[in-house]
Structure formats: structure tokens, C-alpha cells
Amino acid sequence: MSNTDEETNPYELLGITMAATDGEIKTAYRQRSLKVHPDRNRGNPDAARQFHNLNQAYELLLDPLRRLALDAKLRVKEHGRLASRIMTPSGVRLSTSWKNASARSRRPSSSGRPRIAR
């Protein structure tokens, strides 16, 4: 897959969830491939690219190791999105610099003694 294809979520491309079984993946692939197959869409110059992307997504999701890696990557990406939306109880959004400063203050000092928060 090229760099632009990596941004496309294979689950979204096939219209399935991360919990989909191999059978559900195959069914979704067959249904979508019939819709975008270049022989059925001769007037659509983009059909070949869409069909190729669909094949790439199908192959990726049926390979257990590649699918595990993709799932981990998507979870990290989702976790990062959720972490950027941290709000205080009063509804104030925390900035990234505050989160980083908080992490720095928890590190032990170079002398080995704990830092006192001021």
C-alpha cells in the first residue's frame, strides 16, 4: 500500500468493525468488490484504484499478524485522540503543555530525592 492508502482504514473501506470474523470480512469483501469491480464500472476511471484498495484491505485483514499490528495501531491512534480531549471536572480543556509539565514533575530529581510540588 502506498502512503495515501495507509491513511484509509481497511475496516471502514469494507464497512465492518474491528470485531468482524473472517467470514464477515469475506462477505463484506465480496459485496463491495462486485460494486467497484472495473469490469462492472467501465465508465468509472477510478474503479480500478478502488478495487485495488479493496483487495489490499481484504488481504491485510485476513493475515492474522498484519491484522494484529493494524488493530494495535488503530487503538493507539484512538487512544491519542481521546487523550487530547481531556477535560477537568469544570469542563476546561487541558493543554498538551500542561500534561507534559505534569509528567515532568513526577520524575525523580537528579539528586535522587523526590521533588516537592509547589
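Start with tyrosine 29 and tyrosine 58: both are buried, where buried means under 20% relative accessible area, exposed means over 50%, and partly exposed is what lies in between, with a 1.4 Å probe and protein chains only. Before going on, the ground rules. This is a predicted model, in which local features need pLDDT of at least 70 and side-chain atom pairs count only at pLDDT 80 or more, while totals for chains, interfaces and linings use all residues. Residues are numbered from 1 along each chain as its sequence is written, and side-chain values use heavy atoms, with hydrogens and water left out.

Back to the tyrosines. How many aromatic pairs does a search of the whole structure find? It finds one. The ring centres of tyrosine 29 and tyrosine 58 are 4.0 Å apart and the planes are at 15°, so the pair is stacked. For reference, rings of Phe, Tyr and Trp (its six-membered ring) pair if their centres lie within 6.5 Å; planes under 30 degrees apart count as stacked, over 60 as edge-to-face, and the rest as tilted. The pair links distant parts of the chain, with tyrosine 29 in helix α3 and tyrosine 58 in helix α4, which covers residues 47-62; the two are 29 residues apart.

Now the overall layout. The chain has six helices and zero strands. Helices (H or I, at least four residues) and strands (E, at least two) are DSSP runs, numbered from the N terminus. Of the 118 residues, 25% count as buried. The accessible surface of the chain comes to about 9000 Å², and 54% of that belongs to carbon and sulfur atoms; the areas come from the Shrake-Rupley method with a 1.4 Å probe, and for residues only the protein chains shown count as cover.

Setting aside residues up to four places away in sequence, phenylalanine 51 touches Tyr29, Ser33, Val36, His37 and Pro38, contact meaning heavy atoms within 4.5 Å. Phenylalanine 51 and lysine 35 are 16 residues apart in sequence, and their C-alpha atoms are 9.1 Å apart in space.

At 11% relative accessibility, serine 33 counts as buried. Beyond its neighbours within four places in sequence, serine 33 is in contact with Phe51 and Leu54. What does the side chain of serine 33 reach at 3.1 Å? The backbone oxygen of arginine 30.

Alanine 28 is also found in helix α3, and is buried at a relative accessible area of 9%. Not counting residues up to four places away in sequence, alanine 28 touches Leu14 and Ile16.

Glutamate 59, in helix α4, is partly exposed, with a relative accessible area of 47%. The C-alpha atoms of glutamate 59 and proline 10 are separated by 9.8 Å, at 49 residues apart along the chain.

On to charges. The structure holds two salt bridges, a salt bridge being a side-chain nitrogen of Lys or Arg within 4 Å of a carboxyl oxygen of Asp or Glu. In one of them, aspartate 22 pairs with arginine 67, the closest N and O atoms being 3.9 Å apart. This pair links distant parts of the chain: aspartate 22 is in helix α3 (residues 22-36) and arginine 67 in helix α5 (residues 64-83), 45 residues apart.

Arginine 49 is partly exposed at 44% relative accessibility, and aspartate 46 is partly exposed at 28%.

Last, confidence. The chain averages a pLDDT of 79, and 64% of the residues score at least 70; pLDDT is the predictor's confidence in each residue, from 0 to 100. Over residues 1-5, pLDDT stays under 50, and the model has five contacts beyond four places in sequence for that stretch. Where pLDDT is low, the predicted coordinates should not be read in detail.

Definitions and conventions:
Polar contact = N/O pair within 3.5 Å; in protein donor to acceptor, adjacent residues only side chain to side chain.
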